[in-house]
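Thank you all for coming.

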Amino acid sequence: MLEADSTRARAWLATVICGRQPAWSFSATLPSAELVADAQREGIVALVSWHLQQAARESAVSQPKRVLAFSSKVIKAFTTAAREEALMSMVIEGQSRRVLALMAEACIPSLLLKGSALAYWAYPQPHLRACGDVDLLLPSREAAEQLSARLTASGYERSETSGELVAYELLCRRPVFNDWQIEIDIHWRLANSPLFADVFTFDELMADSVALPNLAPNARGLGVVHALMHACVHRALNLSIGVGDKLKWQYDLELVRANFTPADWRRLVDLSIKKGLAGVVLDAIENAAQTFETKLPQEWIMALTSAESAETLDARRLSDWHYMQHMTFKSLPTAILKLRWLWQRLFPSLDYLRYLYGTQHTSYCYLILLRSRQVFKLPRR
C-alpha cells in the first residue's frame, strides 16, 4: 500500500473505531484486503469489524443500495479476518484463567496489565481488545520466580530476559497451534526501564485496583487513573525503541479517558506532577485526541503543560533513542548499577538474542557479533 493510501486508510479506521459513521465508498478506492491488512498492523481487526456491523445496522435504511454494496463487501472481509482474532482471544482467556488459578492456589497476588485487563472493563466485549500475550505484575522478583516455576512445571518454557536492569520480567511460553505460541510476561516492576520502573509500587497500584470477575475471582487490573498513566509510560518506552503509535494503543487511552470523572482528572494531574510524568502523560493523551479528533478538558491540559516545563525528561524527545538511553543511565543511583546496566545492554542473554533475531540454533558469540554489526553498522564479509 502506498504511503498516502496507508495514511488515508489509518484515518478511516480511526473514524470507524471511535464510533463515527464510516465513509463506505472508501472501499471503492482501496480493496477490502488492503484495509484488513492495515487494521491487522494496527491491532484492531475485531474492533473494526464490530463497529462496522454496528454502523451498517444504523445506516441500512438511509444509505443507497450502491453504498450498501460497498459496506457488505468490507464487512465480510473484516468478519472473516476477525474470526481468527476471536479464536486467539478465547485461547488467551483460557490460559489467563489457568495462570490465575495457579496463583490462587499459591496465594500469589497479581495485577493484569495493559490489554489483558482493559479487555474486561474498558471494552464492550473482551475479544475486541487484541492481545498477543498476558501481562502480569507481581509484588517481587521472588514471587515472579515462584510463578515461573509453577508455569514450567505445567508445560511452559521459560526464557531469560536481557537483564534484570534492562527488563524487569520473566517470559514463559508454550506452543498452542501451528506456529503460534502464547506468552506470559511476568513483571515485578510496572515498566521495563529503570527510568520508570520505580514510579509506582505494587502496593499502591493494588490499593487502587479494580476487580475483573468475568475473568476470574482473583483477577484484578489497574484502576482507571493508573491504567491511563501506565499506557502513557508504555507508549514512551515504545517510542524510545522505534515503535510508533498503533491505533490499538491510542484507542486504549481514549477508552480509559472516557471513564474519567472530574475527580479522576484532578488525581491524574496531581499524580503526574508528583511522579514527574506530566510531559509523558500530556504527550500521549494529546496524540490520541488528535488521532480521534476528540476534545480534552483544557483546565487539566493547562495544568499538565505548566508542570511539564519543570520536568527533567523532555517528552518531545521520547523517540530519540540516544537521549532516552542517556536519561535511563542518569536515572540509576549508583556507579555500580550504571555499570551493570551498561553490561546488560551490551551483552544480553542468549534467550533474548535468539528472540530478537528469530533463531533458536545460533551460538551466543555469533549473535553478539550480529548485534555488534547492527549497532556499529559493520559490513558483512
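Predicted model: local features only at pLDDT ≥ 70, side-chain atom pairs only at ≥ 80, totals over all residues.

Residues are numbered from 1 along each chain as its sequence is written, and side-chain values use heavy atoms, with hydrogens and water left out.

In general, side chains of opposite charge can pair when their charged atoms come close. Here a salt bridge means a side-chain nitrogen of Lys or Arg within 4 Å of a carboxyl oxygen of Asp or Glu, and the structure holds 18 of them.

Let me begin with Arg 129 and Asp 252, whose closest N and O atoms are 2.6 Å apart. This pair links distant parts of the chain, 123 residues apart, since Arg 129 sits in the loop between α5 (115-118) and β2 (133-137) and Asp 252 belongs to helix α9 (residues 247-258). Helices (H or I, at least four residues) and strands (E, at least two) are DSSP runs, numbered from the N terminus. Are these two side chains buried or exposed? Arg 129 counts as buried at 6% relative accessibility, and Asp 252 is buried too, at 5%; buried means under 20% relative accessible area, exposed over 50%, and partly exposed in between, with a 1.4 Å probe and protein chains only.

Asp 270 and Arg 266 also form a salt bridge, at 3.3 Å from N to O, and both lie in helix α10 (residues 262-275), 4 residues apart, which is about one turn of the helix. Asp 270 is partly exposed at 39%, as is Arg 266 at 38%.
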